[in-house]
Amino acid sequence: MAFYNPKRSRSWNYKGEKWRLSRSKLDLFMECQKCFYLDNKLGTKRPPGFPFNLNSAVDALLKKEFDIHRRAQTPHPLMVKFGVDAVPFQHKDIDTWRENFEGVDALYEEGGFHVSGAVDDVWVNPAGELHVVDYKSTSKDEEVTLDAEWQDGYKRQMEVYQWLLRKNGFKVSNTGYFVYANGRKDKDTFEGKLEFRMKIIPYDGDDSWVTDAIRDAKECLDRDIIPGSSNSCEYCAYRDAISDVEREVKPSKPVEKESEKGTLF
Ligand code: SF4
C-alpha cells in the first residue's frame, strides 16, 4: 500500500526543471495562497483526495463515445439534441491535451515558465472556432445547473483551458460546454446498472483574469514569506491548535518510535 509522502524532489518545486503551473495549482492559489506556497515553493503538498472512480468511469465512456464521432466527423446525438452546431475536433495532439500531467501547454513568457491543463474534450464549429468541453457527473433529483457558488471553480477551469488554447494560436469561442451526466435514483431497482440523464449546458467564459492570476501566483512564489491562511479553511486553525497543545505537553522522556523499540523473545 502506498503511503502519503508530503515531500517531493526539488526539481518539481517552483524554479525546478520539472515545475509547471498547472490549472489545478492555479486554482489552489485562488483558494489559499499559503497552501499554494507550501506546495509549490516548499514542496509540501496536501494529502490527495479520495479518487472518484465512478466519475472517472463516466469520463472514460464519454470519451470513447465522442471519439467515435471524432473519427467520423459527425456530431454526437447529444450535440444534435441540444442544438450544438459542432463536431469533436480532430487534432494530432488531442490525446496529449486530454492526458493528466500532460495537457495543453503554453509558455508564460513574462514568467519564463509553462502553464498547463488537461481538457476533457474540444469541439469545433463550422466557423473553425474551438469549444472547450468539460464532462461532469453527479446525482441529484433536481435539474442540473451551473448556478451554485461552488461551481465557480468549474467555470474558472474552463476559462483557463480557453486561455491555454488561445496561447497556442487557436481561434477559441467564448462558449464552452459542460456535458453533465446525472445519475438517476428514481429507478425501482438497481440490477447492476446506473442510468443517467444527460444534458449539455453552454457557458460563456471570460479568460481576461487568467494572465493577472498567473502573474499574482508568480509574485507570491517569488516572495520569501509564507502567506497567511485562508479564512474559509479550518485546517490551519486545527493544525495551530495541535501545535499549541503539543508545546504544552512536555513528555518526561522522548517517545520511542515504533521502529526503535526492542523486540522481546
Ligand atoms: S488554510 Fe487550509 S488551505 Fe490554507 S494552508 Fe491552511 S490547510 Fe491549506
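Me: Where is Lys-25 placed, and what makes Lys-25 partly exposed?
Reply: In this predicted model, Lys-25 has its place in helix 1. Lys-25 has 19 other C-beta atoms within 10 Å, and since a residue is buried at 20 or more and exposed at 12 or fewer, Lys-25 is therefore partly exposed.

Me: With which residues is Lys-25 in contact, leaving aside its neighbours within four places in sequence?
Reply: Lys-25 is then in contact with Phe-36 and Asn-40, where contact requires C-beta atoms within 7 Å. Val-115 is 90 residues away from Lys-25 in sequence, while their C-alpha atoms are 9.7 Å apart in space.

Me: Which residues of helix 1 are buried, and what covers them?
Reply: The buried residues of helix 1, which spans residues 23–31, are Arg-23, Leu-26, Leu-28 and Phe-29. Their cover includes strand 1 (21–22), helix 2, strand 4 (113–117), helix 6 (152–167) and helix 7 (210–222).

Me: How do you know that the span of helix 8 agrees with its number of residues?
Reply: Helix 8 has 14 residues, which at 1.5 Å a residue should span 20 Å, and its end C-alpha atoms are 20 Å apart, so the two values agree. The expected span is taken as 1.5 Å times one less than the number of residues.

Me: What makes helix 8 lie largely in the open?
Reply: The number of buried residues among the 14 of helix 8 is zero, so helix 8 lies largely in the open. For the protein as a whole, 25% of the 265 residues count as buried.

Me: Which residues are around the ligand, and which helices each supply at least two of the shell?
Reply: The residues around the ligand are Cys-32, Lys-34, Cys-35, Ser-229, Ser-230, Cys-233, Tyr-235 and Cys-236. Helix 2 (33–40) and helix 8 (235–248) each supply at least two residues of this shell, whose residues divide into five nonpolar, two polar and one charged.

Me: Why does Phe-101 count as exposed?
Reply: Phe-101 has 8 C-beta neighbours inside 10 Å, and because 12 or fewer is the condition for exposed, Phe-101 counts as exposed. Phe-101 is found in the loop between helix 5 (94–97) and strand 3 (104–108), and its phi is near 70°, a positive value in a residue other than glycine.

Me: What makes Glu-191 exposed, and where is Glu-191 found?
Reply: Glu-191 has 7 other C-beta atoms within 10 Å, and because the limit for exposed is 12 or fewer, Glu-191 is exposed. Glu-191 is found in the loop between strand 7 (175–183) and strand 8 (196–204), and its phi, near 50°, is a positive value in a residue other than glycine.

Methods: Residues are numbered from 1 along each chain as its sequence is written. This is a predicted model: local features need pLDDT of at least 70, side-chain atom pairs count only at pLDDT 80 or more; totals for chains, interfaces and linings use all residues. Helices (H or I, at least four residues) and strands (E, at least two) are DSSP runs, numbered from the N terminus. A residue is near a molecule or strand if its C-beta atom, placed from the backbone, lies within 6 Å of it. Ala, Val, Leu, Ile, Met, Phe, Trp, Tyr, Cys and Pro count as nonpolar, Asp, Glu, Lys and Arg as charged, and the others, Gly among them, as polar. Two residues are in contact if their C-beta atoms, placed from the backbone, lie within 7 Å.
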